[in-house]
Amino acid sequence: MRKLCWGLPISDVLSLIGNTPLIEITHLDRGPCRLFVKLESKNPSGSIKDRIALGMIEAAERDGKLKPGGTLVEATAGNTGAALALIGALRGYKVKLVVLDKMAKATINQCKALGAEVQLAKSALTNEDPGYYQNIAKRIAAETGAFYVNQFDNPANPAAHENTTGPEIWQQMEKNVDAVVCGVGSSGTITGLGRYFKQHSPKTEMVLADPVGSILAPLVNTGKKVTPGSWQVVGIGEDFIPPNLDLSLVKKAYSIPDEESFQTSRDLLQREGISAGLSSGTLVASALRYCREQSAPKRVVTFICDDGAKYLEKLFG
């Protein structure tokens with residue numbers, strides 16, 4: 001019989017951020033490779049964004065940009081907002097979020113339940129438009145004197161992954177990693193991990209998973225800028241280059257259609273027992289393509305960025 005050992009009590013829920021499990025995919029076609037997924041859905045707010053939210057808030061506290069009882073403002077496609085709302089609630093900050101209208105309703109409700117003020121913005125607008133979600137958030141912060149988190153240009157974002165996610169993967173994979181597949185929303189994951197593995201494992205390839213319609217995969221693969229399109233996957237893909245993004249660290253990119261992302265999320269649940277969100281479908285679809293293209297065995301890591309429960313209507317409706 002399996003024995004359970006719960007260990008010592010923890011100080012608070014934020015102590016549960018990071019140190020997430022890494023498990024192997026065994027029922028999907030991986031070609032000659034081994035594919036592992038890091039379950040970032042096990043973070044307290046349910047996503048990988050807990051890492052950067054905590055890192056950015058703690059950096060702002062150290063720098064005196066965020067004082068007790070203060071207000072923070074952020075533009076988000078979803079999970080960063082929920083992470084900021086959780087940490088803000090626990091640390092006594094007011095949180096104002098400007099979110100894209102394609103954000104999962106369950107995530108909006110999660111943010112509101114945690115006390116955040118939520119304003120919707122149209123996802124079809126470009127970053128030159130005053131109604132673009134980041135421009136609205138900047139304006140609110142400037143007018144109210146609040147701290148603008150600005151995950152896209154905040155160095156504490158990639159630093160969180162360089163200092164926590166990278167070392168965790170390195171140890172869990174027994175210091176043998178051939179490729180890491182990441183998406184780009186704010187770009188902290190791919191930049192932070194790229195920096196870490198460049199120093200600790202130069203052989204490790206950073207691979208970009210991108211929705212069709214985003215400008216980033218074509219830029220990596222051809223060096224050319226394209227006109228952005230639209231996509232239904234939430235949280236990754238961009239119509240601009242985030243300031244935190246270091247594309248020199250990225251070796252290869254895949255453009256994944258929405259339907260392939262959705263189907264991969266379904267496959268993860270039905271064949272692997274892993275509940276995965278839409279962006280995770282894009283990441284795993286890209287990782288599977290990469291694995292099947294290899295002629296020799298490789299050890300590949302990607303992420304389950306958040307739980308699929310909040311997307312059930314899109315996935316199975």
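Accessible areas come from the Shrake-Rupley method with a 1.4 Å probe, and for residues only the protein chains shown count as cover. On that basis the accessible surface of the protein chain comes to about 14,000 Å², of which 51% belongs to carbon and sulfur atoms. This is a predicted model, in which local features need pLDDT of at least 70 and side-chain atom pairs count only at pLDDT 80 or more, while totals for chains, interfaces and linings use all residues. Residues are numbered from 1 along each chain as its sequence is written, and side-chain values use heavy atoms, with hydrogens and water left out.

Buried residues (under 20% relative accessible area, with exposed over 50% and partly exposed in between, 1.4 Å probe, protein chains only) make up 57% of the 317 residues.

A search of the whole structure finds five aromatic pairs, where rings of Phe, Tyr and Trp (its six-membered ring) pair if their centres lie within 6.5 Å, and planes under 30 degrees apart count as stacked, over 60 as edge-to-face and the rest as tilted. The rings of Tyr133 and Phe152 have centres 6.4 Å apart and planes at 85 degrees, so this pair is edge-to-face. Trp170 and Phe197 also form an edge-to-face pair, with 6.1 Å from centre to centre and 75 degrees between the planes.

| Residue | Relative accessible area |
|---|---|
| Tyr133 | 5% |
| Phe152 | 4% |
| Trp170 | 11% |
| Phe197 | 1% |

Tyr133 and Phe152 also belong to one aromatic cluster together with Tyr132 and Phe240.
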